[in-house]
Amino acid sequence: MSDRVGIALLGYGTVGKGVVQILRDQAARFEQRTGVTFDLRHVVVRDLQKHRSESEKAEGVHRGLPFTTDAQAAINDPDVKIVVEVMGGIDPAAKYLADALKLGKHVITANKSLLAEKGPALFATARTHHACIAFEASCGGGIPIVESLTRGLLANRIDALVGIVNGTCNAILTRMTKNGWTYAQALAEAQSLGFAEADPTLDVSGADAAQKLALLAGLAFDARINPRDIHLEGITTLEPLDIKFAGELGYVVKLLAIGERTTEGKLVLRVHPTLVHHTDVLAEVSGGFNAISVYGNALGHALFYGRGAGSMPTASAVVSDLLSVGIGAAPAAFAKLRIYPDCVEQAMVEPIGDLRSRYYLRLLARDVPGTIAQISNCLGRHGISISAILQREDNGGKFVPIVITTHIAIEGNVAAALAEIDQLACIQPATVKLRIIDQPREFAES
Ligand code: NAP
Ligand code: HSE
(Lines give C-alpha, C1' and ligand atoms only; values in the text may rest on other atoms or scores of the structure.)
(Ligands and ions follow the chains in the order given, each with its own letter.)
Protein backbone atom coordinates (compact mmCIF):
# COMPACT_ATOMS: atom_id res chain seq x y z
CA MET A 1 0.00 0.00 0.00
CA SER A 2 1.33 3.44 -0.82
CA ASP A 3 1.26 6.57 1.35
CA ARG A 4 -0.24 9.49 -0.54
CA VAL A 5 1.47 12.77 0.44
CA GLY A 6 0.06 16.13 -0.68
CA ILE A 7 2.57 18.81 -1.73
CA ALA A 8 2.36 22.55 -2.34
CA LEU A 9 5.20 23.79 -4.54
CA LEU A 10 5.95 27.50 -4.02
CA GLY A 11 7.78 28.59 -7.19
CA TYR A 12 8.04 27.22 -10.70
CA GLY A 13 11.28 28.77 -11.96
CA THR A 14 14.64 27.13 -12.62
CA VAL A 15 14.44 24.82 -9.59
CA GLY A 16 10.65 24.39 -9.46
CA LYS A 17 10.53 23.13 -13.04
CA GLY A 18 13.23 20.57 -12.27
CA VAL A 19 11.27 19.39 -9.21
CA VAL A 20 8.14 18.82 -11.32
CA GLN A 21 10.21 17.03 -13.94
CA ILE A 22 11.71 14.56 -11.46
CA LEU A 23 8.53 14.06 -9.42
CA ARG A 24 6.45 13.20 -12.45
CA ASP A 25 9.14 11.27 -14.40
CA GLN A 26 10.10 9.09 -11.46
CA ALA A 27 6.71 8.71 -9.73
CA ALA A 28 6.44 4.96 -10.34
CA ARG A 29 10.02 4.32 -9.20
CA PHE A 30 9.53 6.37 -6.04
CA GLU A 31 6.35 4.47 -5.22
CA GLN A 32 8.06 1.15 -5.82
CA ARG A 33 11.17 2.00 -3.78
CA THR A 34 9.65 3.97 -0.89
CA GLY A 35 5.92 3.30 -0.89
CA VAL A 36 5.32 7.06 -1.14
CA THR A 37 3.14 8.67 -3.81
CA PHE A 38 3.38 12.43 -4.10
CA ASP A 39 0.27 14.40 -4.98
CA LEU A 40 1.29 17.78 -6.42
CA ARG A 41 -1.78 19.77 -5.38
CA HIS A 42 -0.66 23.39 -5.95
CA VAL A 43 2.07 25.18 -7.88
CA VAL A 44 2.31 28.78 -6.68
CA VAL A 45 3.58 31.45 -9.09
CA ARG A 46 3.27 35.21 -9.58
CA ASP A 47 2.31 35.25 -13.26
CA LEU A 48 -0.66 32.90 -13.50
CA GLN A 49 -1.59 33.65 -17.11
CA LYS A 50 1.93 33.08 -18.45
CA HIS A 51 2.30 29.74 -16.71
CA ARG A 52 -1.21 28.50 -17.56
CA SER A 53 -0.83 29.26 -21.25
CA GLU A 54 2.69 27.75 -21.40
CA SER A 55 1.48 24.63 -19.57
CA GLU A 56 -1.44 24.21 -21.99
CA LYS A 57 1.01 24.16 -24.90
CA ALA A 58 3.58 21.95 -23.11
CA GLU A 59 4.01 18.25 -23.73
CA GLY A 60 4.62 15.63 -21.06
CA VAL A 61 5.18 16.30 -17.37
CA HIS A 62 4.76 20.08 -17.53
CA ARG A 63 1.26 19.89 -18.98
CA GLY A 64 -1.82 20.68 -16.89
CA LEU A 65 -0.17 21.75 -13.66
CA PRO A 66 -2.35 23.11 -10.80
CA PHE A 67 -1.10 26.72 -10.94
CA THR A 68 -2.32 29.31 -8.48
CA THR A 69 -1.25 32.66 -7.08
CA ASP A 70 -2.90 31.97 -3.74
CA ALA A 71 -0.02 30.72 -1.61
CA GLN A 72 -1.99 30.98 1.60
CA ALA A 73 -4.79 28.72 0.33
CA ALA A 74 -2.22 26.21 -0.93
CA ILE A 75 -0.49 26.11 2.48
CA ASN A 76 -3.82 25.86 4.35
CA ASP A 77 -5.09 22.97 2.19
CA PRO A 78 -5.58 20.19 4.78
CA ASP A 79 -4.36 17.57 2.28
CA VAL A 80 -1.01 19.35 1.87
CA LYS A 81 1.53 17.75 4.23
CA ILE A 82 4.75 19.18 2.75
CA VAL A 83 5.43 22.73 1.53
CA VAL A 84 8.33 23.06 -0.90
CA GLU A 85 9.71 26.59 -1.15
CA VAL A 86 11.71 27.32 -4.31
CA MET A 87 10.60 30.89 -4.92
CA GLY A 88 13.58 32.63 -3.28
CA GLY A 89 13.91 35.92 -1.38
CA ILE A 90 13.12 36.63 2.26
CA ASP A 91 9.58 38.05 2.03
CA PRO A 92 7.00 36.62 1.62
CA ALA A 93 8.86 33.25 1.72
CA ALA A 94 9.60 33.61 5.46
CA LYS A 95 5.93 34.19 6.29
CA TYR A 96 4.76 31.30 4.10
CA LEU A 97 7.20 28.89 5.71
CA ALA A 98 6.35 30.05 9.25
CA ASP A 99 2.62 29.64 8.47
CA ALA A 100 3.18 26.12 7.11
CA LEU A 101 5.30 25.11 10.13
CA LYS A 102 2.69 26.47 12.55
CA LEU A 103 0.20 24.12 10.90
CA GLY A 104 2.62 21.24 11.59
CA LYS A 105 3.53 20.86 7.90
CA HIS A 106 7.06 19.87 6.95
CA VAL A 107 9.00 22.38 4.90
CA ILE A 108 11.64 21.87 2.23
CA THR A 109 13.59 24.86 1.01
CA ALA A 110 16.46 25.68 -1.36
CA ASN A 111 16.63 29.21 0.01
CA LYS A 112 19.95 29.82 1.78
CA SER A 113 19.33 33.58 2.04
CA LEU A 114 16.19 32.90 4.01
CA LEU A 115 17.81 30.30 6.28
CA ALA A 116 20.90 32.44 6.84
CA GLU A 117 18.68 35.41 7.80
CA LYS A 118 15.75 33.77 9.60
CA GLY A 119 17.01 30.24 10.27
CA PRO A 120 17.07 30.23 14.09
CA ALA A 121 13.47 31.52 14.35
CA LEU A 122 12.15 29.16 11.65
CA PHE A 123 13.89 26.12 13.17
CA ALA A 124 12.45 27.00 16.58
CA THR A 125 8.96 27.30 15.06
CA ALA A 126 9.41 23.91 13.38
CA ARG A 127 10.44 22.30 16.68
CA THR A 128 7.52 23.79 18.61
CA HIS A 129 5.05 22.44 16.07
CA HIS A 130 6.68 18.99 15.58
CA ALA A 131 7.48 19.72 11.94
CA CYS A 132 10.86 19.65 10.22
CA ILE A 133 12.84 21.82 7.82
CA ALA A 134 14.89 20.02 5.16
CA PHE A 135 17.35 22.14 3.20
CA GLU A 136 19.75 19.95 1.20
CA ALA A 137 19.33 22.11 -1.92
CA SER A 138 20.36 25.30 -0.12
CA CYS A 139 24.08 24.39 -0.18
CA GLY A 140 26.05 22.76 -2.97
CA GLY A 141 23.08 22.23 -5.33
CA GLY A 142 22.74 18.48 -5.91
CA ILE A 143 25.68 17.45 -3.69
CA PRO A 144 24.39 15.69 -0.54
CA ILE A 145 26.58 17.75 1.78
CA VAL A 146 23.90 18.60 4.35
CA GLU A 147 22.98 14.92 4.65
CA SER A 148 26.67 14.03 4.94
CA LEU A 149 27.39 16.55 7.68
CA THR A 150 24.27 15.65 9.65
CA ARG A 151 24.37 11.84 9.24
CA GLY A 152 27.30 10.31 7.34
CA LEU A 153 30.00 12.24 9.21
CA LEU A 154 28.30 12.31 12.58
CA ALA A 155 31.04 10.13 14.10
CA ASN A 156 33.64 12.81 13.38
CA ARG A 157 34.72 16.03 15.02
CA ILE A 158 34.98 18.26 11.95
CA ASP A 159 38.08 20.46 12.07
CA ALA A 160 37.85 22.26 8.74
CA LEU A 161 35.67 22.69 5.73
CA VAL A 162 37.00 24.28 2.54
CA GLY A 163 34.64 24.66 -0.38
CA ILE A 164 33.87 25.99 -3.80
CA VAL A 165 30.18 26.61 -3.13
CA ASN A 166 29.17 29.19 -5.71
CA GLY A 167 28.80 27.84 -9.23
CA THR A 168 28.47 31.29 -10.79
CA CYS A 169 31.82 32.49 -9.41
CA ASN A 170 33.52 29.22 -10.26
CA ALA A 171 32.17 29.32 -13.81
CA ILE A 172 33.33 32.93 -14.22
CA LEU A 173 36.81 32.26 -12.80
CA THR A 174 37.19 29.12 -14.91
CA ARG A 175 36.37 31.00 -18.13
CA MET A 176 38.69 33.86 -17.20
CA THR A 177 41.51 31.41 -16.35
CA LYS A 178 41.19 28.86 -19.13
CA ASN A 179 39.64 30.86 -21.99
CA GLY A 180 40.84 34.40 -21.25
CA TRP A 181 37.23 35.64 -21.27
CA THR A 182 36.31 38.99 -19.73
CA TYR A 183 34.39 39.04 -16.48
CA ALA A 184 31.25 40.35 -18.27
CA GLN A 185 31.29 37.59 -20.92
CA ALA A 186 31.70 34.91 -18.27
CA LEU A 187 28.93 36.33 -16.05
CA ALA A 188 26.50 36.41 -19.00
CA GLU A 189 27.18 32.73 -19.68
CA ALA A 190 26.64 31.75 -16.01
CA GLN A 191 23.31 33.62 -16.04
CA SER A 192 22.19 31.92 -19.24
CA LEU A 193 22.97 28.51 -17.71
CA GLY A 194 20.66 29.26 -14.76
CA PHE A 195 23.41 29.21 -12.08
CA ALA A 196 23.22 32.85 -11.10
CA GLU A 197 20.78 34.25 -8.55
CA ALA A 198 18.04 36.64 -9.76
CA ASP A 199 20.40 39.38 -8.55
CA PRO A 200 23.91 38.15 -9.49
CA THR A 201 25.42 40.63 -7.03
CA LEU A 202 24.70 38.01 -4.38
CA ASP A 203 26.93 35.56 -6.26
CA VAL A 204 29.84 37.75 -7.31
CA SER A 205 30.06 39.64 -4.01
CA GLY A 206 30.61 36.31 -2.24
CA ALA A 207 27.40 36.83 -0.17
CA ASP A 208 25.79 33.63 -1.54
CA ALA A 209 28.89 31.63 -0.59
CA ALA A 210 28.91 33.24 2.87
CA GLN A 211 25.26 32.26 3.42
CA LYS A 212 26.09 28.67 2.46
CA LEU A 213 29.19 28.69 4.68
CA ALA A 214 27.06 29.92 7.60
CA LEU A 215 24.74 26.92 7.16
CA LEU A 216 27.42 24.30 6.52
CA ALA A 217 29.84 25.51 9.19
CA GLY A 218 26.94 25.67 11.64
CA LEU A 219 26.25 21.97 11.07
CA ALA A 220 29.95 21.05 11.01
CA PHE A 221 30.96 22.96 14.15
CA ASP A 222 27.75 22.83 16.23
CA ALA A 223 27.43 26.60 16.25
CA ARG A 224 24.95 29.30 15.28
CA ILE A 225 26.59 31.47 12.67
CA ASN A 226 25.55 34.89 11.49
CA PRO A 227 26.72 35.37 7.86
CA ARG A 228 27.62 38.95 8.81
CA ASP A 229 30.40 37.52 11.05
CA ILE A 230 32.05 35.90 8.01
CA HIS A 231 34.91 37.85 6.42
CA LEU A 232 33.77 38.47 2.86
CA GLU A 233 35.54 39.45 -0.36
CA GLY A 234 34.01 38.79 -3.79
CA ILE A 235 35.46 38.44 -7.26
CA THR A 236 34.35 41.73 -8.81
CA THR A 237 37.66 43.53 -8.33
CA LEU A 238 39.81 40.58 -9.32
CA GLU A 239 42.11 41.51 -12.21
CA PRO A 240 43.02 39.16 -15.09
CA LEU A 241 46.66 40.10 -14.47
CA ASP A 242 46.55 38.41 -11.04
CA ILE A 243 44.90 35.28 -12.43
CA LYS A 244 47.76 35.16 -14.94
CA PHE A 245 50.56 35.71 -12.39
CA ALA A 246 48.99 33.16 -10.05
CA GLY A 247 49.10 30.65 -12.92
CA GLU A 248 52.78 31.37 -13.54
CA LEU A 249 53.46 30.60 -9.86
CA GLY A 250 51.55 27.29 -10.05
CA TYR A 251 48.26 28.45 -8.52
CA VAL A 252 44.64 28.67 -9.66
CA VAL A 253 42.39 31.43 -8.28
CA LYS A 254 39.16 30.13 -6.72
CA LEU A 255 36.47 31.73 -4.59
CA LEU A 256 36.71 29.62 -1.44
CA ALA A 257 34.45 29.41 1.58
CA ILE A 258 36.61 28.36 4.51
CA GLY A 259 35.61 27.35 8.02
CA GLU A 260 38.15 26.13 10.56
CA ARG A 261 38.11 25.34 14.25
CA THR A 262 41.01 26.84 16.23
CA THR A 263 42.60 25.09 19.20
CA GLU A 264 41.01 27.78 21.42
CA GLY A 265 37.55 26.70 20.26
CA LYS A 266 36.98 29.75 18.05
CA LEU A 267 35.96 29.59 14.40
CA VAL A 268 37.82 31.17 11.49
CA LEU A 269 35.20 31.91 8.82
CA ARG A 270 36.01 33.55 5.51
CA VAL A 271 35.00 33.79 1.85
CA HIS A 272 37.48 35.29 -0.58
CA PRO A 273 39.35 34.68 -3.84
CA THR A 274 42.19 32.35 -2.93
CA LEU A 275 45.29 31.00 -4.64
CA VAL A 276 44.96 27.21 -4.65
CA HIS A 277 48.00 25.17 -5.63
CA HIS A 278 47.45 23.35 -8.93
CA THR A 279 47.97 19.98 -7.24
CA ASP A 280 45.10 20.59 -4.77
CA VAL A 281 41.92 18.74 -5.77
CA LEU A 282 39.97 22.00 -5.55
CA ALA A 283 42.12 23.50 -8.32
CA GLU A 284 40.62 21.01 -10.78
CA VAL A 285 36.99 21.97 -10.06
CA SER A 286 35.75 23.78 -13.15
CA GLY A 287 32.67 25.59 -14.43
CA GLY A 288 29.44 25.37 -12.41
CA PHE A 289 30.71 22.45 -10.36
CA ASN A 290 31.05 22.75 -6.59
CA ALA A 291 33.39 20.83 -4.31
CA ILE A 292 33.68 20.79 -0.55
CA SER A 293 36.66 19.35 1.28
CA VAL A 294 35.78 18.26 4.80
CA TYR A 295 38.39 17.27 7.39
CA GLY A 296 37.10 14.95 10.11
CA ASN A 297 39.21 13.64 13.00
CA ALA A 298 38.33 10.01 12.24
CA LEU A 299 37.81 9.98 8.47
CA GLY A 300 40.50 12.49 7.52
CA HIS A 301 39.96 14.31 4.23
CA ALA A 302 36.73 13.71 2.30
CA LEU A 303 35.77 15.50 -0.91
CA PHE A 304 32.18 16.12 -1.97
CA TYR A 305 32.00 17.06 -5.64
CA GLY A 306 29.17 17.64 -8.08
CA ARG A 307 26.90 20.12 -9.79
CA GLY A 308 26.32 22.98 -7.40
CA ALA A 309 23.50 24.72 -9.25
CA GLY A 310 21.10 24.48 -12.17
CA SER A 311 17.61 23.12 -12.59
CA MET A 312 17.95 19.32 -12.37
CA PRO A 313 20.92 19.06 -9.95
CA THR A 314 19.20 21.36 -7.46
CA ALA A 315 15.87 19.61 -7.96
CA SER A 316 17.67 16.32 -7.25
CA ALA A 317 18.40 17.60 -3.73
CA VAL A 318 14.86 18.97 -3.25
CA VAL A 319 13.24 15.68 -4.29
CA SER A 320 15.64 13.64 -2.15
CA ASP A 321 14.48 15.77 0.79
CA LEU A 322 10.88 15.08 -0.23
CA LEU A 323 11.54 11.35 -0.13
CA SER A 324 13.36 11.63 3.19
CA VAL A 325 10.39 13.50 4.66
CA GLY A 326 7.98 11.09 2.95
CA ILE A 327 9.54 8.01 4.59
CA GLY A 328 9.86 9.79 7.94
CA ALA A 329 13.69 9.88 8.08
CA ALA A 330 14.11 13.67 7.95
CA PRO A 331 11.45 14.42 10.63
CA ALA A 332 12.95 11.77 12.95
CA ALA A 333 16.50 13.12 12.55
CA PHE A 334 15.30 16.71 12.95
CA ALA A 335 13.53 15.86 16.19
CA LYS A 336 16.55 14.08 17.71
CA LEU A 337 19.69 15.87 16.49
CA ARG A 338 20.87 18.90 18.52
CA ILE A 339 22.80 20.47 15.66
CA TYR A 340 20.38 22.99 14.16
CA PRO A 341 20.61 26.76 14.70
CA ASP A 342 17.84 26.80 17.31
CA CYS A 343 19.65 24.37 19.63
CA VAL A 344 23.34 25.38 19.46
CA GLU A 345 25.37 28.29 20.89
CA GLN A 346 26.38 31.39 18.93
CA ALA A 347 29.83 30.89 17.32
CA MET A 348 32.90 32.65 18.73
CA VAL A 349 34.46 33.99 15.54
CA GLU A 350 38.15 34.92 15.35
CA PRO A 351 38.79 38.43 13.93
CA ILE A 352 40.26 38.33 10.41
CA GLY A 353 43.24 40.40 11.62
CA ASP A 354 44.40 37.36 13.62
CA LEU A 355 44.37 35.05 10.57
CA ARG A 356 47.63 33.23 9.85
CA SER A 357 48.04 32.62 6.13
CA ARG A 358 50.42 32.84 3.22
CA TYR A 359 49.88 35.84 0.92
CA TYR A 360 50.22 36.84 -2.71
CA LEU A 361 51.01 40.54 -3.08
CA ARG A 362 51.05 42.36 -6.41
CA LEU A 363 52.59 45.78 -6.35
CA LEU A 364 53.00 48.41 -9.03
CA ALA A 365 56.50 49.69 -8.37
CA ARG A 366 58.91 52.08 -10.05
CA ASP A 367 61.71 50.11 -11.71
CA VAL A 368 64.59 52.04 -10.04
CA PRO A 369 67.43 51.12 -7.66
CA GLY A 370 66.34 50.52 -4.04
CA THR A 371 62.65 49.75 -4.71
CA ILE A 372 62.82 46.07 -3.70
CA ALA A 373 64.95 47.01 -0.68
CA GLN A 374 62.30 49.48 0.56
CA ILE A 375 59.49 46.93 0.10
CA SER A 376 61.34 44.06 1.78
CA ASN A 377 62.47 46.34 4.59
CA CYS A 378 58.87 47.27 5.33
CA LEU A 379 57.67 43.65 5.18
CA GLY A 380 60.57 42.58 7.42
CA ARG A 381 59.75 45.21 10.06
CA HIS A 382 56.26 43.69 10.29
CA GLY A 383 57.60 40.14 10.68
CA ILE A 384 56.69 39.09 7.13
CA SER A 385 59.05 36.75 5.35
CA ILE A 386 59.19 36.61 1.52
CA SER A 387 59.01 33.16 -0.08
CA ALA A 388 59.21 34.21 -3.75
CA ILE A 389 59.49 37.37 -5.80
CA LEU A 390 58.77 37.92 -9.50
CA GLN A 391 59.44 40.90 -11.74
CA ARG A 392 59.38 40.85 -15.52
CA GLU A 393 62.42 42.43 -17.21
CA ASP A 394 60.81 45.56 -18.69
CA ASN A 395 60.15 49.29 -18.55
CA GLY A 396 63.31 50.66 -16.85
CA GLY A 397 62.32 53.60 -14.61
CA LYS A 398 58.57 53.14 -15.15
CA PHE A 399 55.97 51.37 -12.97
CA VAL A 400 56.06 47.59 -13.33
CA PRO A 401 54.16 44.80 -11.56
CA ILE A 402 56.14 42.98 -8.88
CA VAL A 403 54.65 39.84 -7.38
CA ILE A 404 55.66 38.66 -3.91
CA THR A 405 54.51 35.55 -2.10
CA THR A 406 55.06 35.30 1.64
CA HIS A 407 55.56 32.59 4.20
CA ILE A 408 52.88 32.30 6.87
CA ALA A 409 52.16 35.77 8.26
CA ILE A 410 49.52 37.42 10.44
CA GLU A 411 46.84 39.25 8.45
CA GLY A 412 46.94 42.33 10.69
CA ASN A 413 50.71 42.65 10.13
CA VAL A 414 50.30 42.28 6.37
CA ALA A 415 47.62 45.00 6.35
CA ALA A 416 49.87 47.33 8.39
CA ALA A 417 52.86 46.68 6.11
CA LEU A 418 50.81 47.32 2.97
CA ALA A 419 49.44 50.59 4.40
CA GLU A 420 53.07 51.75 4.72
CA ILE A 421 54.21 50.31 1.38
CA ASP A 422 51.38 52.07 -0.44
CA GLN A 423 52.72 55.40 0.94
CA LEU A 424 56.18 54.91 -0.63
CA ALA A 425 57.04 57.23 -3.54
CA CYS A 426 58.16 54.22 -5.60
CA ILE A 427 54.74 52.51 -5.29
CA GLN A 428 51.50 53.15 -7.18
CA PRO A 429 48.67 52.05 -4.83
CA ALA A 430 46.68 50.03 -4.13
CA THR A 431 48.72 46.86 -3.74
CA VAL A 432 46.69 43.71 -4.43
CA LYS A 433 46.58 41.19 -1.58
CA LEU A 434 45.25 37.66 -2.06
CA ARG A 435 45.50 34.76 0.36
CA ILE A 436 47.15 31.45 -0.52
CA ILE A 437 45.78 28.20 0.85
CA ASP A 438 48.26 25.39 1.21
CA GLN A 439 47.55 21.82 0.20
CA PRO A 440 45.17 19.91 2.43
CA ARG A 441 47.04 19.19 5.63
CA GLU A 442 46.51 15.45 5.34
CA PHE A 443 48.53 15.27 2.13
CA ALA A 444 51.03 18.05 2.79
CA GLU A 445 53.73 15.67 4.07
CA SER A 446 53.57 13.05 1.30
P1 NAP B 1 13.54 31.60 -10.25
O2 NAP B 1 13.94 30.90 -11.50
O3 NAP B 1 13.62 33.07 -10.21
O4 NAP B 1 12.04 31.13 -9.91
C5 NAP B 1 11.31 31.68 -8.85
C6 NAP B 1 9.86 31.17 -8.95
O7 NAP B 1 9.17 31.61 -7.78
C8 NAP B 1 9.07 31.69 -10.16
O9 NAP B 1 8.21 30.70 -10.65
C10 NAP B 1 8.27 32.85 -9.56
O11 NAP B 1 7.02 33.05 -10.20
C12 NAP B 1 8.02 32.34 -8.16
N13 NAP B 1 7.87 33.42 -7.20
C14 NAP B 1 8.80 34.31 -6.80
N15 NAP B 1 8.29 35.16 -5.90
C16 NAP B 1 6.99 34.81 -5.74
C17 NAP B 1 5.92 35.31 -4.94
N18 NAP B 1 6.09 36.36 -4.14
N19 NAP B 1 4.71 34.70 -5.02
C20 NAP B 1 4.54 33.62 -5.82
N21 NAP B 1 5.51 33.10 -6.60
C22 NAP B 1 6.72 33.70 -6.56
O23 NAP B 1 14.40 31.08 -9.01
P24 NAP B 1 15.27 29.73 -8.91
O25 NAP B 1 16.56 29.93 -9.62
O26 NAP B 1 14.43 28.59 -9.25
O27 NAP B 1 15.65 29.73 -7.35
C28 NAP B 1 14.68 29.42 -6.38
C29 NAP B 1 15.38 29.25 -5.04
O30 NAP B 1 16.31 28.17 -5.13
C31 NAP B 1 16.16 30.44 -4.55
O32 NAP B 1 16.06 30.52 -3.16
C33 NAP B 1 17.61 30.10 -4.94
O34 NAP B 1 18.58 30.72 -4.11
C35 NAP B 1 17.60 28.61 -4.72
N36 NAP B 1 18.59 27.87 -5.49
C37 NAP B 1 18.67 28.05 -6.83
C38 NAP B 1 19.60 27.32 -7.56
C39 NAP B 1 19.72 27.47 -9.05
O40 NAP B 1 20.60 26.81 -9.64
N41 NAP B 1 18.93 28.29 -9.70
C42 NAP B 1 20.43 26.41 -6.91
C43 NAP B 1 20.31 26.24 -5.53
C44 NAP B 1 19.38 26.98 -4.83
P45 NAP B 1 6.93 33.62 -11.73
O46 NAP B 1 7.51 32.51 -12.57
O47 NAP B 1 5.49 33.80 -11.95
O48 NAP B 1 7.75 34.86 -11.73
N1 HSE C 1 23.66 31.14 -7.53
C2 HSE C 1 24.09 29.94 -6.91
C3 HSE C 1 25.42 29.51 -7.52
C4 HSE C 1 23.04 28.87 -7.13
O5 HSE C 1 25.84 30.08 -8.52
O6 HSE C 1 26.05 28.62 -6.99
C7 HSE C 1 23.23 27.71 -6.22
O8 HSE C 1 22.98 28.05 -4.89
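Residues are numbered from 1 along each chain as its sequence is written, while chains are lettered from A and ligands numbered from 1 in the order in which they are written. Because this is a predicted model, local features need pLDDT of at least 70 and side-chain atom pairs count only at pLDDT 80 or more, whereas totals for chains, interfaces and linings use all residues, and side-chain values use heavy atoms, with hydrogens and water left out.

**The domains**

Begin by colouring residues 3-141 together with 313-336 as domain 1, residues 154-306 as domain 2 and residues 352-444 as domain 3; these bounds come from an automatic or database domain assignment. The centres of domain 1 and domain 2, taken over C-alpha atoms, are 28 Å apart.

**Where domain 1 meets domain 2**

Next, select the residues of these two domains that touch: 11 residues of domain 1 are in contact with 13 residues of domain 2, contact meaning heavy atoms within 4.5 Å. The area buried between the two domains is about 990 Å², and carbon and sulfur atoms give 69% of that area; buried area here is the accessible area (1.4 Å probe) that two parts lose on being put together, summed over both. Now pick out Lys 112, Ala 116 and Cys 139, which supply 47% of the area that domain 1 buries against domain 2, more than any other three residues.

Which salt bridge can be shown between Arg 228 and Glu 117? Their side chains meet with N and O 3.6 Å apart, and the term stands for a side-chain nitrogen of Lys or Arg within 4 Å of a carboxyl oxygen of Asp or Glu. Side chains of opposite charge can pair when their charged atoms come close. Across the interface of domain 1 and domain 2 the rule finds two salt bridges, and a search of the whole structure finds 20.

**Ligand 1**

Move to ligand 1 and show the 23 residues around it, of which Val 15, Asp 47, His 51, Glu 197 and Gly 310 come nearest; a residue is counted when one of its heavy atoms lies within 4 Å. A backbone N or O atom of Val 15 is 2.9 Å from an oxygen atom of ligand 1, and a backbone N or O atom of Arg 46 is also 2.9 Å from an oxygen atom of this ligand. For Asp 47, a polar backbone atom lies 2.8 Å from a ligand 1 oxygen.

**Ligand 2**

Then select ligand 2, which 13 residues surround, the closest being Lys 112, Gly 167, Thr 168, Phe 195 and Asp 203. Gly 167 places a polar backbone atom 2.7 Å from a ligand 2 oxygen, and an N or O atom in the side chain of Thr 168 is 2.6 Å from an oxygen of the ligand.

**Backbone details**

Most residues other than glycine have a negative phi, and most peptide bonds are trans. With that in mind, zoom in on Asp 91 and Pro 92, joined by a cis peptide bond with omega about 5°; Pro 92 sits in the loop between β4 (80-85) and α5 (93-102). A cis bond also joins Pro 429 and Ala 430, where omega is about 0°, and Ala 430 belongs to the loop between α16 (411-421) and β17 (432-437). Finish at His 130, in the loop between α6 and β6 (133-134), where phi is positive at about 55° although the residue is not a glycine.

How values were computed
Polar contact = N/O pair within 3.5 Å; in protein donor to acceptor, adjacent residues only side chain to side chain. Helix = DSSP H or I, 4+ residues; strand = E, 2+ residues; numbered from the N terminus.
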